[in-house]
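Please consider the following complex and the explanation that accompanies it.

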Amino acid sequence: MKWEPVIGIEVHVELDTDSKMFCGCRVSFGDPPNTHVCPVCLALPGSLPVPNRKAIQEIIRLGLALNCRINPDSVFHRKNYYYADLPKNYQISQFDVPVCVDGWLDVESDETRFRVGIERVHMEEDTGKSVHVGEGGRIHSAAETLVDFNRAGTPLVEIVSRPDLKSAADARTYAQELRAVVVETGVSDARMERGSIRFDANVSIRPEGSPRLGVKVEIKNMNSFRSLEKAIRSEIGRQTALVTAGERVVMETRHWDEEAEVTHGMRTKEGSSDYRYFTEPDLAPMAFDSSWVEEARSLLPELPALRRDRYRGMGVRPAAARVLASSDPRLRSLFEEAVESGADPVAAGNWVTGEVTASLRRREASVGELPLRGDQIAALTRMVSEGRVSAGAAREVLEGVMDGEGSPSEVATRRNLLQLSDRTALEEVVEEVMAANPEAVERYRSGEGKVRGYLMGQVMRATSGRADPRAVNEILSARL
Amino acid sequence: MPSQPLSITSAGAALRSGETTSVELLAAVMSRAEMTESELHCYLNLDREGAMSAARRADRELDRGEDRGPLHGIPVAVKDNMCTRGLETTCSSKILAGYRPPYDATAVARLREAGAVIVGKTNLDEFAMGSSTENSAYGPTRNPWDTGRVPGGSSGGSAAAVAAGSAIAALGSDTGGSIRQPASLCGVVGLKPTYGLVSRYGLVAFASSLDQIGPLTRTVRDAALLLSAVAGHDPADATSYAGQTPDFAGSLDRGVDGLRLGVVKELGGEGYQPEVSEATEMMLEKLAARGAEVTEVSLPLFDVALSAYYLIAPAECSANLARFDGMRYGLSVKGSTASDTMSDTRAEGFGPEVIRRILLGTYALSAGYFDAFYGQAQKVRSLLLDEFSEAYEKVDVLVSPTSPTTAFRLGERTQDPLAMYMSDICTIPSNLSGHPAISVPIGLDSEGLPIGFQVMAPALGERLMMAVAAEVERLAGFDALPPPALAPPPGVPL
Ligand SMILES: [Zn+2]
C-alpha cells in the first residue's frame with residue numbers, strides 16, 4: 001500500500017509591541033533575567049490582566065493579511081496546565097471564538113503553486129523561559145532549573161493551518177511564505193533564531209487517496225526552515241516504517257533532535273491533555289467595529305503574493321519575482337528604483353536577486369548597509385546590453401561600485417574593463433598573434449580545426465580578456 | 001467624648017470639632033482590640049506602627065486644614081485577602097504565611113488616599129471559602145454576641161471587629177454572601193456593590209466573576225461613605241465599571257413612600273428560623289405603613305442558584321488558586337522535581353475546604369463533564385439574570401432575610417458542607433447576577449442574636465437600595481437594643 005502524508009503547521013509569532021500582552025512591562029530580548037517583570041506577569045496574588053490594545057490591532061492586521069474573517073465578538077479563555085515557567089499555571093489564550101478564522105494563503109515554489117487554508121489566528125501570551133544550570137545544561141543533566149520571566153506575558157499569536165500540506169517541502173515553502181507575510185505586515189521581526197517565530201508541525205499518514213485522517217503526531221523544536229523540512233521528512237519516514245511493519249502510530253508530541261536528525265517522543269501523557277478551557281472572567285469579550293476592521297484592511301501593505309504577480313507582469317522571471325517579492329524591502333526598492341531609472345526589469349530582477357545579494361553575503365554586510373542605488377543598477381544593465389562590458393566584467397564593475405569607486409562607467413574605465421570592439425584595433429591584435437604563431441596558423445589551415453581555439457585564447461590574453469569575442473571570431477574567420 | 005458606639009459619621013464629627021484626634025480614635029480601637037482579641041480573634045495582624053503613623057499624619061493634615069473627606073483619620077480594618085504593601089497578607093492560608101505584597105490593592109490605596117487609618121488585617125475563611133470563618137488556617141473568629149457562635153463568613157473577622165468596636169468600619173469581600181451573611185450574624189450593616197463598581201485589583205481572587213469588595217459598617221450612611229471612598233473606575237481591572245459612580249449617600253433620607261418592594265417568595269418558609277421569618281414579616285409591615293407597596297415576587301431559579309454557584313465558583317477558583325505552587329512566593333515544600341514541589345506545596349498549604357472546592361471545580365471543567373456541569377451552570381446564570389430583569393419591571397427592589405438563621409454554634413456545620421453552603425442561600429443570587437445587595441440588622445432573636453434584612457437592587461441601583469436600607473435601619477431602631485456582650489458598653493469613652 002502507498003501512504004501519503006497529511007501535514008498541518010502551527011506557528012507562534014511574538015508580536016513586536018512595546019509592552020506585554022496584559023501588563024505594562026517592556027517586551028525585551030537578551031536582557032538580564034527577571035528585569036522586566038511586575039505583579040501581573042509574575043502572577044502575584046490579586047493582580048489582574050488588562051489587554052494590550054496595540055496587540056489586538058496587530059493580530060487583526062495579520063488576520064486580514066491571511067484573508068481571515070474577523071470575529072466581531074472574540075473571547076479570551078483560560079488554558080489550564082501546570083508548568084514552572086507558566087506563572088499563573090494557566091495561559092490566557094483563546095478557544096472557540098478566536099479573533100481571526102477561515103483564511104488562506106497562496107504559496108508557490110519552483111515546482112508548485114497551492115493554497116493553504118488558515119483555520120484560525122488567535123491571541124495568547126508567552127510563557128517564561130526555563131534555564132537549566134549546572135552539569136550539561138540540558139534538561140536531564142541539569143542540577144537546577146531557573147526561570148526567567150522576562151518573556152512571560154509577551155503577546156503571542158498562534159496561526160493554525162488546515163491539514164492541507166502534502167510534503168515536507170511544501171510545509172517548508174508554506175512556512176517561508178507565512179514568515180514573509182508576518183514580516184510584511186510589520187507585526188513581528190519573526191526571527192527564528194530568537195524564537196520570535198516558532199513552527200510546530202502536525203504530521204499523520206494515510207493510505208493514498210483515503211479521505212480519512214490518520215493519527216497525528218505533533219513535532220516541535222525545529223529552529224530553521226531546513227530543520228522543519230527535515231523533521232517532517234523524518235517523521236513521515238518513521239510513521240511509514242511503523243505502519244508498514246504492522247504497528248500503530250500513537251498520538252503524541254515528539255521533539256526534533258537537530259544533531260541526530262530524528263524525533264524523540266516527549267513525556268508521554270495518558271490520553272490527550274485536558275486543558276479545561278473556560279472563559280477568562282477577568283477580561284470582557286472584545287468587540288470589533290466592522291468599519292474599524294475595514295479601515296485596517298485598507299491600510300494593509302502590499303503582500304508578497306500580490307507583489308509577485310505585479311513583478312511578473314513587469315516581465316521579471318518567475319523565480320526571481322518570487323525571491324524578490326519576499327525579500328527585504330530595501331532590496332525591493334533597489335529593484336524598483338532601477339526599473340524607474342530605465343533598467344530592463346528582467347535584468348534588474350536578476351541582478352538584485354543574484355549578484356547583489358551574493359555580494360552582500362560575501363561582504364557579510366546587511367541590507368541596511370547596501371552601498372548601491374537603483375540608477376547605478378540601471379546604468380550597469382545598460383552597459384551590458386550595449387556590449388560595453390562583458391557579463392563577467394560587469395560583476396567586477398558591481399564590486400567596484402559597491403566599494404565606492406564611483407559610477408559603473410567610471411569603475412569600468414578605471415579598472416580597464418570596457419570591452420574592445422573597435423575593429424581596426426582588434427585586427428591589429430589578430431595580425432600580431434598570427435605573426436607570432438605561424439605554426440598554429442599552418443596547422444589550422446591544414447585542417448586541424450581545434451587550433452582555432454588556441455588562437456582565440458591568445459587574442460583574449462593579449463587584450464586581458466576585454467576583446468569582444470564575437471568580433472574576434474569574425475576577424476579570425478576572415479584571416480584564416 | 002461620645003458615649004454611643006462610634007460610626008464614621010460620629011467619629012468624623014468629633015474629629016472636626018476637635019473633641020478627639022485620629023490618634024485617640026486609634027488608641028480607643030486598639031484598646032478594644034486588646035480587650036477582645038484573645039476571645040474573638042477578629043484580626044490576623046494588627047498593624048500598630050503603620051496605623052499609628054497614619055493616624056499622626058491624619059492629625060497633622062487636619063491641623064493644617066487639609067481634610068481628605070469623611071474617612072479622614074478613621075480607623076478601618078481590611079479583610080486579609082486584600083493586598084497591603086509590605087504588610088503580611090495571608091488569606092488565612094498557610095500557603096501564604098509570611099507573604100508581604102509589594103503593592104496595595106486599589107481599594108486599599110483608595111482608603112489611604114481618603115485618609116483612613118488601616119488598623120490591621122482581619123480573619124476570614126481560607127481564601128474566602130466558607131460561611132463561618134472556621135476555615136481559617138489561623139483559628140476561627142468568634143461572634144461578639146455569643147462567643148460560642150460563629151460570626152458568619154467569610155468576612156467574619158471584619159464583621160466581628162465592627163460589632164465589637166475594634167474597628168469603626170471594615171472592608172470585606174463578597175463572592176456568595178461573604179459580606180452580608182456575617183454582617184447579618186454580627187448585627188452590622190454589610191453591602192455588596194454592583195459587580196465592577198469597586199476594583200478587584202489586589203483582591204486575591206476566589207471566583208473572579210463573582211468577587212466584589214464592599215463595606216461592613218455600623219450604619220447605612222457609613223456604608224455609603226466607605227463605598228464612595230473605594231468605588232470608581234480602575235484601569236488596572238478590565239472588569240471595572242467605567243461610568244460615573246453615583247452619590248451613594250445622596251438619598252438616604254428619601255424614605256420608601258411609593259416604592260415597590262418585592263418579597264422573594266423562594267427565600268423563606270421551610271428551613272428558615274421562625275424568628276427570622278417573623279422579624280422580616282414585621283419589618284415589611286412597618287415599611288408598608290411608611291408608604292411602600294409590598295408585593296410577593298416569585299423567582300423560581302433562586303432554588304437552583306445555589307447549585308449553579310457551587311459549580312461556577314469552584315471552577316474559577318480551581319484556576320485562580322493554581323498560581324500558589326511554591327515557585328515564586330509563599331510556602332514552598334521542596335520536592336525532587338518542580339512538579340513534586342508544586343503538588344507537595346499545595347497538599348500542605350491548602351486546607352480541606354479549599355482542596356474540596358479546587359477538586360470540585362477541576363472536575364466541573366473537565367472534558368466530558370463541562371457541558372453537564374459548568375456549561376449548564378452558566379446557562380442557569382444567564383436565565384437567572386433574565387428572571388431578575390423581569391422582576392425589576394414589577395418592583396423597584398427585592399427584599400428577603402439575609403440568612404435563614406441567626407448565628408450557629410462553632411463546629412455545628414463543619415462536618416456537613418451542604419448545611420454550611422445553605423447559609424448563603426439568600427445571598428448567592430445577587431452574586432450570580434452581579435447586582436448590589438445590602439444587609440441591615442433589624443432585631444434580635446430570643447437568644448439575643450442579631451437578625452439581618454436584605455435589600456437587593458438592579459445593577460447600579462445602590463442609591464435606591466440604600467434609601468430603603470436607611471428606612472429599614474430607622475424603623476428597626478437596632479442601635480437602641482442592648483449591645484453585644486463583647487462590644488463597648490454605652491458610656492465608655494472611645
Ligand atoms: Zn509585567
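The coordinates belong to a predicted model, and the predictor assigns the complex an ipTM of 0.96 together with a pTM of 0.89. For chain B the average pLDDT is 95, and 97% of the residues score at least 70. An exception is found at residues 490-494 of chain B, where pLDDT stays under 50. The model has nine contacts beyond four places in sequence for that stretch. Where pLDDT is low, predicted coordinates should not be read in detail.

Chain A is divided by its domain assignment into domain 1 (3-296), domain 2 (302-414) and domain 3 (423-479). Taken over C-alpha atoms, the centres of domain 1 and domain 3 of chain A are separated by 66 Å.

Chain A also contains an open sheet of nine strands with mixed pairing. Its strand order is β2-β6-β7-β10-β1-β11-β12-β13-β14. Because β2 (69-70) and β14 (262-265) of chain A each have a single partner strand, they stand at the edges, and one side of each is left without a neighbour in the sheet. Strands of a sheet pair through backbone hydrogen bonds, in either a parallel or an antiparallel sense. The antiparallel case is illustrated by β6 (residues 100-108) and β7 (residues 113-125) of chain A, which pair over eight bridges. Within this part of the sheet, V101(A) stands opposite R120(A) of β7(A).

A helix accompanies the sheet. Helix α3 (residues 225-244) of chain A lies across β1 (3-14), β11 (197-207), β12 (217-222), β13 (252-257) and β14 of chain A. Relative to β11(A), helix α3 of chain A runs at about 25°.

In chain B, attention turns to a pair of helices. Two packed helices are described by the angle and the distance between their axes. The axes of α8 (residues 274-289) and α15 (residues 462-476) of chain B come within 10 Å and cross at roughly 110°. From α8(B), M283(B), K286(B) and L287(B) take part in the contact, meeting E471(B), V472(B), L475(B) and A476(B) of α15(B). By class, the residues of this contact of α8(B) with α15(B) comprise five nonpolar, no polar and two charged.

Finally, the two chains meet in a contact that takes 26 residues from chain A and 34 residues from chain B. On the side of chain A that touches chain B, the residues divide into 17 nonpolar, four polar and five charged.

Technical notes. Residues are numbered from 1 along each chain as its sequence is written. Chains are lettered from A and ligands numbered from 1 in the order in which they are written. This is a predicted model: local features need pLDDT of at least 70, side-chain atom pairs count only at pLDDT 80 or more; totals for chains, interfaces and linings use all residues. Axes are lines fitted to C-alpha atoms, for helices over the stretch in contact, and angles run from 0 to 180 degrees between N-to-C directions. Helices (H or I, at least four residues) and strands (E, at least two) are DSSP runs, numbered from the N terminus. Two residues are in contact if their C-beta atoms, placed from the backbone, lie within 7 Å. Ala, Val, Leu, Ile, Met, Phe, Trp, Tyr, Cys and Pro count as nonpolar, Asp, Glu, Lys and Arg as charged, and the others, Gly among them, as polar. Two strands pair if DSSP finds at least two bridges between them. pLDDT is the predictor's confidence in each residue, from 0 to 100. Domain bounds come from an automatic or database domain assignment.
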